[in-house]
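Please look through the sequence and the model shown here before turning to the exercises. Each exercise sets a task, and a worked solution follows it step by step.

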Amino acid sequence: MNNGSVKIGAEILGLDRINRLVADLRDIDQNKAIKAGLRRGANIFIRTGRQNLKARNNEKTGNLMKSMRTRVKKRKLGALAGFSMNYSRMKEEGYGSHSWLVDRGTVKRETKKKQNRGIMPASYFWTDTKNQAGSSAIREIENGIITAVERMKR
């Protein structure tokens, strides 16, 4: 069964502006400042995803809510937001665990003996998070970098 992958992300086009913000800092401090901003941007995706999940699925979604994670990359500049502790899967598919079943839903399924295994209606909570949180995540990354730079300069 193909789950159809979804990649959630935000792309910063004005990297020269960010480089000017951190130009006065040492290399180590530059990375800390940029990663602090990336962490704040990834948290926007998680917060919006939880709000969407809660609003669209009235039933219990506690385990799925608790499984949402963010991770700032160690060697490269980037951040991941998703569901699994297996971050390579998060990177490839944007999903983890069984979250794609809730997001994309399933069709009516039957066994070979024609026993009904149900249907899961799609809620598209994680797919819509990209559209809702993309621009605010970029603003939050910039604000996080500015805050970190000011804190380090003090």
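Predicted model: local features only at pLDDT ≥ 70, side-chain atom pairs only at ≥ 80, totals over all residues.

**Exercise 1. Salt bridges**

Find how many salt bridges the structure holds, and work out which helices are tied together by the pair of glutamate 140 and arginine 40.

Step 1. The structure holds three salt bridges. In one of them, the side chains of glutamate 140 and arginine 40 meet, with a distance of 2.5 Å from N to O. Glutamate 140 belongs to helix α6 (residues 125–153) and arginine 40 to helix α2, so this pair ties together parts that are 100 residues apart in sequence.

Step 2. To classify the two partners, recall that buried means under 20% relative accessible area and exposed over 50%, with partly exposed in between. Glutamate 140 counts as buried because its relative accessibility is 19%, whereas arginine 40, with a relative accessible area of 31%, is partly exposed.

Step 3. Aspartate 128 forms a salt bridge with arginine 56, and their closest N and O atoms are 2.7 Å apart. This pair links distant parts of the chain, since aspartate 128 is in helix α6 and arginine 56 in helix α2, 72 residues apart. Aspartate 128 is partly exposed at a relative accessible area of 23%, and arginine 56 counts as partly exposed at 32% relative accessibility.

Step 4. Aspartate 103 and arginine 104 also meet through their side chains in a salt bridge, at 3.7 Å from N to O. Aspartate 103 is buried, with a relative accessible area of 0%, while arginine 104 is partly exposed at 29%.

**Exercise 2. A residue in helix α2**

Decide whether threonine 48 is buried or exposed, and list which residues it is in contact with beyond its neighbours within four places in sequence.

Step 1. Threonine 48 has its place in helix α2, which covers residues 27–56. Its relative accessibility is 14%, and therefore threonine 48 counts as buried.

Step 2. Once the neighbours within four places in sequence are left aside, threonine 48 is in contact with Thr129, Gln132 and Ala133.

**Exercise 3. Nonpolar cores and a pair of rings**

Identify which members of the largest nonpolar core touch the most other members, and then determine how the planes of the aromatic pair are arranged.

Step 1. The largest nonpolar core has 15 residues, and Leu53, Leu64, Met68, Phe83 and Phe125 touch the most other members. Helices α2, α3 (62–66) and α6 each supply at least two residues of this core, and the largest share, five residues, comes from α2.

Step 2. Beyond residues up to four places away in sequence, phenylalanine 125 touches several residues, including Gly49, Leu53, Leu64, Met68, Phe83 and Val102. Apart from this core lies another, of seven residues, among them Ala33, Ile34, Ile145 and Ala148.

Step 3. The structure holds one aromatic pair. It is formed by phenylalanine 125 and tryptophan 126, whose rings are 6.5 Å apart from centre to centre with 55 degrees between the planes, an arrangement that is tilted. Phenylalanine 125 counts as buried at 0% relative accessibility, and tryptophan 126 counts as buried at 0% as well.

**Exercise 4. Positive phi values**

Determine what phi lysine 114 has, and what phi tyrosine 124 has.

Step 1. Lysine 114 lies in the loop between α5 (99–104) and α6. Its phi is near 65 degrees, a positive value in a residue other than glycine, and at 63% relative accessibility lysine 114 counts as exposed.

Step 2. Tyrosine 124 lies in the loop between α5 and α6. Although tyrosine 124 is not a glycine, it has a positive phi of about 55 degrees, and its relative accessible area of 40% makes it partly exposed.

Methods: Residues numbered from 1 in each chain as written. Heavy atoms only, no water. Helix = DSSP H or I, 4+ residues; strand = E, 2+ residues; numbered from the N terminus. Buried < 20%, exposed > 50% of the residue type's maximum accessible area, 1.4 Å probe, protein only. Contact = heavy atoms within 4.5 Å. Salt bridge = Lys/Arg side-chain N within 4 Å of Asp/Glu carboxyl O. Core = buried A, V, L, I, M, F, W, Y, C linked by side-chain atoms within 4.5 Å. Phe/Tyr/Trp six-rings, centres within 6.5 Å; stacked < 30°, edge-to-face > 60°.
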